[in-house]
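Let us walk through this structure step by step. Keep the model in view as you read.

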Amino acid sequence: MDGLIMAGQLLLGLSILVILHELGHFLAARAFGIKVEKFYLFFDAWGFKLFSFKVGDTEYGVGWLPLGGYVKISGMIDESMDTEQMAAPAQPWEFRSKPAWQRLIVMLGGIIVNVIVGIFIFWMVAFKYGNTFIPNDKLANGISPGIVGKQMGLQPGDKILAVNGQKLIYLDEILSSKVLLNNTKLTISRDGKAIDLRVPESVLDSISKYKIREFVGPRVIAKKVDSVVTPQDLQPKVSLLGKIKALFFKPVAVKVEAPAFEAGMKKGDSILAVNGKSVKFYGDITAEVAKNKGKKIAIEVLRGSEILTLIPKVSQNGTLSIIIPTIPPPVVNIEYGFFESFSVGVDKGWSSFTDNAKGIWKMVTGKLSARNISSPIGIAQVYGSDFDWEKFWSLTGLISMALAFMNLLPIPALDGGHVVFLIIEMIKGKPLSDKFMERAQVAGFVILLSLMVFAFGNDILKGFGI
């Protein structure tokens with residue numbers, strides 16, 4: 001069920017953005033009197049489609065191959081590779097018959113719409129939901145670094161004072177692109193002394209591997225154990241297909257680990273110490289437990305007025321299978337008026353667009369691993385298995401800006417490739433040959449297919465922990 005919710009959110013978000021992107025091309029083409037033969041969500045590869053209908057000269061429909069969408073513009077070498085049409089004499093309603101500046105606007109139409117849509121989404125999200133921040137000066141216990149934060153030298157209890165010499169107002173800024181993409185200098189307070197640390201350029205590679213939660217968060221106090229997972233809780237649910245398979249094949253035994261339950265831990269216990277080390281904060285508990293994967297550890301708990309010592313064996317993934325709530329950090333809720341939120345949306349849209357540019361440049365220059373490229377699998381996982389409108393629209397806005405940037409790249413078969421060829425034509429004073437354009441389109445398809453295979457490979461390998 002979780003997978004269906006993830007896939008559903010991804011499909012809905014991308015469908016909205018693809019339709020609006022293609023609508024940008026469509027409206028620009030029609031504005032200049034160019035005939036648009038098809039407007040499709042998804043590709044009707046080899047002529048197969050889910051459904052279609054025709055209005056005027058345009059066929060609208062949904063294809064079966066969910067890899068985007070397209071508009072087929074008359075007299076243009078595009079995804080359709082309609083060489084027969086291009087061999088016939090040019091007609092006044094065709095793309096190739098129009099001035100280069102009009103064709104340039106048509107090609108930029110989708111990108112422009114994606115930028116507008118992204119900014120609009122951020123504007124509306126800011127207006128409806130506002131923003132919630134963690135005030136840095138209210139974190140009396142400092143921060144709790146995860147695996148990534150510890151790799152760069154941060155320690156539990158550190159207090160971050162400044163970023164590149166500027167006072168840190170909200171802790172949330174640490175997770176922003178201006179920190180993660182710019183070899184940033186952090187000034188921290190540790191044991192009353194100010195220390196400077198650099199955020200390494202490899203930090204995004206580490207975050208890609210361990211997830212953003214393993215960077216930096218507030219140091220929060222652990223409360224009593226809220227839930228202890230039992231072996232019954234961990235038994236996998238058998239689907240109807242699984243039951244049918246079991247009739248013919250012997251089921252593979254699954255090792256169930258419920259360390260805390262087996263050691264006698266109960267709901268309401270307060271963890272006092274792990275292996276003799278006093279623990280008060282949630283991050284201290286998880287760190288001590290994670291250091292002892294597959295080993296037995298001594299845990300002191302307070303149960304009522306009695307102190308007990310339990311000896312669980314930590315699971316192979318470094319957990320005890322318990323849920324411990326925490327005392328949440330202080331937060332500030334900021335609400336924006338209708339026009340005030342517009343500037344917030346513009347700032348968010350622009351930073352999202354430039355972040356994509358910085359990320360791609362770092363990959364090109366070798367400062368960032370290409371393992372950070374994600375396929376729809378990775379994007380679906382970011383959407384998550386719980387549907388939340390604020391998260392859905394925020395992520396969809398980010399994807400809209402990413403699509404705008406990616407389509408601007410000078411790769412044949414993308415809008416950016418056509419833009420480059422049109423600019424060359426405007427400089428030369430004559431168009432590039434149809435044969436060259438056809439070959440460039442094929443080359444572009446090969447590049448895009450290779451990138452897609454690489455991205456899917458990335459996410460599949462990440463799924464196996466590679």
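Which residue just after H12 takes a positive phi? Gly384 does, with a phi of about 90 degrees. Bear in mind that this is a predicted model.

Step back into the helix itself. H12 covers residues 376-383. Its buried residues are Gly378, Ala380 and Tyr383.

Now turn to a pair of helices. H3 spans residues 100-129, and H13 spans residues 389-408. Their axes come within 8 Å of each other. They cross at roughly 155 degrees. Angles over 145 degrees count as roughly antiparallel, so H3 is roughly antiparallel to H13. The crossing of these two helices is left-handed. What classes of residue make up the contact of H3 with H13? There are 16 nonpolar residues, seven polar ones and one charged one.

Next comes a sheet. Strands of a sheet pair through backbone hydrogen bonds, either parallel or antiparallel. Here, four strands form an open sheet with antiparallel pairing. Follow the order S14-S13-S15-S16. Which strands lie at the edges? They are S14, at 277-278, and S16, at 306-310. Each of these edge strands pairs on one side only.

Look now at S13 and S15, side by side in that order. S13 holds residues 270-274, and S15 holds residues 299-303. The two run antiparallel, and four bridges join them.

Key:
Residues are numbered from 1 along each chain as its sequence is written. This is a predicted model: local features need pLDDT of at least 70, side-chain atom pairs count only at pLDDT 80 or more; totals for chains, interfaces and linings use all residues. Side-chain values use heavy atoms; hydrogens and water are left out. Axes are lines fitted to C-alpha atoms, for helices over the stretch in contact, and angles run from 0 to 180 degrees between N-to-C directions. Angles under 35 degrees count as roughly parallel, over 145 as roughly antiparallel, 65 to 115 as roughly perpendicular and the rest as oblique. A crossing is left-handed if the near helix is turned anticlockwise from the far one by less than a right angle, and right-handed if clockwise. Ala, Val, Leu, Ile, Met, Phe, Trp, Tyr, Cys and Pro count as nonpolar, Asp, Glu, Lys and Arg as charged, and the others, Gly among them, as polar. Buried means under 20% relative accessible area, exposed over 50%, partly exposed in between (1.4 Å probe, protein chains only). Two strands pair if DSSP finds at least two bridges between them.
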